[in-house]
Amino acid sequence: PTTGTPLVSSMSVEVTCPGEGRVLITYTGAASVVAGARLALRMKTRNPRVTPAVSDNFWRFAHVRSGATLAAGLSPGYAILPQLEGATAALLGPPFAAGS
């Protein structure tokens with residue numbers, strides 16, 4: 001059930017980008033998250049020009065505590081659908097040079 005306040009925004013987190021295509025979200029608070037709780041994140045991204053290779057097009061998740069991985073998983077990425085490709089422009093009317 002939603003309480004009206006997003007869980008992550010109400011928690012102490014640090015967000016860093018340690019490398020190209022990577023986002024690291026570190027929880028720095030003292031309170032624990034209840035087992036089975038759903039965490040939802042919203043990010044603004046910029047899509048690449050083309051869909052990455054299948055081997056590079058996934059989201060990887062890991063729950064790490066004190067250097068030990070407690071849980072991990074993968075989720076497939078999404079296809080990139082270019083919004084504008086192969087655009088052309090045509091000038092209509094008589095040609096005039098600058099200063100004409």
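Q: Which strands each supply at least two residues of the lining of the largest pocket?
A: Strand S1 (13–19), strand S2 (22–27) and strand S3 (58–65) do. Strands are DSSP runs (E, at least two residues), numbered from the N terminus, and helices are runs of H or I with at least four residues. This is a predicted model: local features need pLDDT of at least 70, side-chain atom pairs count only at pLDDT 80 or more, and totals for chains, interfaces and linings use all residues. Residues are numbered from 1 along each chain as its sequence is written, and side-chain values use heavy atoms, with hydrogens and water left out.

Q: How many helices and strands does the protein have?
A: Zero helices and four strands. Along the sequence the pattern reads β-β-β-β.

Q: What is the space in the largest pocket?
A: Rolling a probe the size of a water molecule over the atoms shows where empty space is left. A pocket is an open set of points on a 1 Å grid over the protein atoms alone, where a 1.4 Å probe fits, with protein on both sides within 12 Å along at least five of seven lines; lining residues have an atom within 4 Å of a point. Here the largest pocket holds about 2,200 Å³. Its lining has 43 residues, and Val23, Ile25, Leu41, Arg60 and Phe61 are the closest to the centre.

Q: Which strand gives the largest share of that lining?
A: S3, with eight residues.

Q: How do the lining residues divide into nonpolar, polar and charged?
A: Ala, Val, Leu, Ile, Met, Phe, Trp, Tyr, Cys and Pro count as nonpolar, Asp, Glu, Lys and Arg as charged, and the others, Gly among them, as polar. The lining has 26 nonpolar, nine polar and eight charged residues.

Q: In what sense do S1 and S2 pair, parallel or antiparallel?
A: Two strands pair if DSSP finds at least two bridges between them. S1 and S2 pair in the antiparallel sense, over five bridges. Val13 stands opposite Tyr27 in S2, and Thr16 stands opposite Leu24.

Q: How many bridges join S3 to S4?
A: Eight, and the strands run antiparallel. Arg65 has Ala68 in S4 as its bridge partner.

Q: What is the phi of Ser66?
A: Most residues other than glycine have a negative phi. Ser66 has a positive phi, near 55°. Ser66 sits in the loop between S3 and strand S4 (68–76). That hairpin has two residues between its strands.

Q: Is Ser66 buried or exposed?
A: Buried means under 20% relative accessible area, exposed over 50%, partly exposed in between (1.4 Å probe, protein chains only). Ser66 counts as exposed because its relative accessibility is 80%. Of the 100 residues in the protein, 4% are buried.

How values were computed. Points joined across faces, edges and corners; volume = space filled by probe spheres on them.
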